[in-house]
2 protein chains.
Amino acid sequence: MALSQEQYRESGLKLTPQRMAILAYLEGNILHPSAEDVFRAVRRRFPTMSFATVYNTLEMLKKRGKVVELTGDPDKKRFDPNIRPHHHLICTGCRKIVDLKTEFNLTLKAADQAGFQIMGNHIEFTGLCPDCQRKR
Amino acid sequence: MALSQEQYRESGLKLTPQRMAILAYLEGNILHPSAEDVFRAVRRRFPTMSFATVYNTLEMLKKRGKVVELTGDPDKKRFDPNIRPHHHLICTGCRKIVDLKTEFNLTLKAADQAGFQIMGNHIEFTGLCPDCQRKR
DNA sequence: TATCACATTAGAATTGTTCTTGTCAAGATA
DNA sequence: TATCTTGACAAGAACAATTCTAATGTGATA
């Protein structure tokens, strides 16, 4: 998430301590946190932090393209501060999500697109992470 | 979803009218229905149908590999009775999900797998469906 | 048809997310 | 720096999706 404080301000948004804390937590975070993960982490420094602020901020960042909302976890929303297109490994045991650097060249023939205007693609490799392999 | 009534019984499950109605609705359904879609459809014939029955049945079918739970819709669980591996087109406007017949040969080098035991993969092509293109 | 394990129902409970309302503070302006 | 205005915040209520609970009902087998 390349989002400096200046960029932030320039886009007409107020830079509040709460938002800075959320940004700091997201910056470089590769754990694909849920809203609750963000909330729990940021609350340590801001005990009065509200869930609404977390959701509002994430929603705003999403609208501005600064974070991406992930699918792949059916139980909760997960967010990725890495906005460069990339794919994921997903553990079906613990729902851990790991970034993939591998690139794939995927194209769909027009005949297969069902009239869709394709904007992007995302590959989910599913399997068991090392921890979950050990447990079973 | 190739699941005949005989297979159903043989696997030690009771075949109730409610379950038959759910199975009938799922059979050949390409709309990737949510639990509520199933509920609403089946309730027409079984006005006493309970949501719990829908969730229980879907969960059971999932456990037995007769349906697949989809990611791709962050707001609700969606189910696919087509258990043959295939990929999807997803409309970011209305969350319509369309099956793709196109096959891709995706392999990950061991070095890229982060120790995961890979079980499968799934590609989501995102974009706007024809209806949503018209609306914007 | 009697029995029993399992399925069903209705609604309560839980979880994740969004909305509302009153208050407050960041950044702008003078 | 003092004041103003707009948007952000906190707290909790509301909402939506899903899961659980307890009581009742029913399919399959003998």
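**Exercise 1. Determine how many salt bridges and how many residue pairs in polar contact link domain 1 of chain A and domain 2 of chain A.**

*Solution.* Begin with the charged pairs: between domain 1 of chain A and domain 2 of chain A the count is zero salt bridges, where a salt bridge is a side-chain nitrogen of Lys or Arg within 4 Å of a carboxyl oxygen of Asp or Glu. The model is predicted, with local features needing pLDDT of at least 70 and side-chain atom pairs counting only at pLDDT 80 or more, whereas totals for chains, interfaces and linings use all residues. Side-chain values use heavy atoms, with hydrogens and water left out, residues are numbered from 1 along each chain as its sequence is written, and chains are lettered from A in the order in which they are written.

Next come the polar contacts (pairs of N or O atoms within 3.5 Å; within protein, one must be able to donate a hydrogen and the other to accept it, and residues adjacent in sequence count only if both atoms are side-chain atoms). Six residue pairs, both members at pLDDT 80 or more, are in polar contact between the two domains of chain A.

**Exercise 2. Describe how domain 1 and domain 2 of chain A are placed and what area they bury between them.**

*Solution.* The assignment, which is an automatic or database one, gives domain 1 as 5-79 and domain 2 as 85-135 of chain A, and their C-alpha centres lie 23 Å apart. Eight residues of domain 1 are in contact with eight residues of domain 2 in chain A, contact meaning heavy atoms within 4.5 Å.

The two domains of chain A bury about 650 Å² between them, of which 49% is on carbon and sulfur atoms; buried area is the accessible area (1.4 Å probe) that two parts lose on being put together, summed over both. His32(A), Gly72(A) and Arg78(A) supply 54% of what domain 1 of chain A buries against domain 2 of chain A, more than any other three residues.

**Exercise 3. Characterise the interface of chain B and chain A by its area, its polar links and its elements.**

*Solution.* Start with extent: 37 residues of chain B are in contact with 37 residues of chain A, and the two chains bury about 3,100 Å² between them, 65% of it on carbon and sulfur atoms. Leu89(B), Phe116(B) and Phe125(B) supply 19% of the area that chain B buries against chain A, more than any other three residues.

Finally, the elements giving two or more residues to the side of chain B that touches chain A are β3, β4 (97-100), β5 (117-128) and α5 (130-135) of chain B. Helices (H or I, at least four residues) and strands (E, at least two) are DSSP runs, numbered from the N terminus. β5(B) gives the most to that side, with twelve residues.

**Exercise 4. Is His87(B) buried or exposed, and which backbone atom does its side chain reach?**

*Solution.* Locate the residue first: His87(B) is in strand β3 (residues 87-91) of chain B. His87(B) counts as buried because its relative accessibility is 7%, and buried means under 20% relative accessible area, with exposed over 50% and partly exposed in between (1.4 Å probe, protein chains only). The side chain of His87(B) reaches the backbone nitrogen of Ile123(B) at 2.9 Å. Leaving aside neighbours within four places in sequence, the residues in contact with His87(B) include Val98(B), Phe104(B) and Ile123(B).
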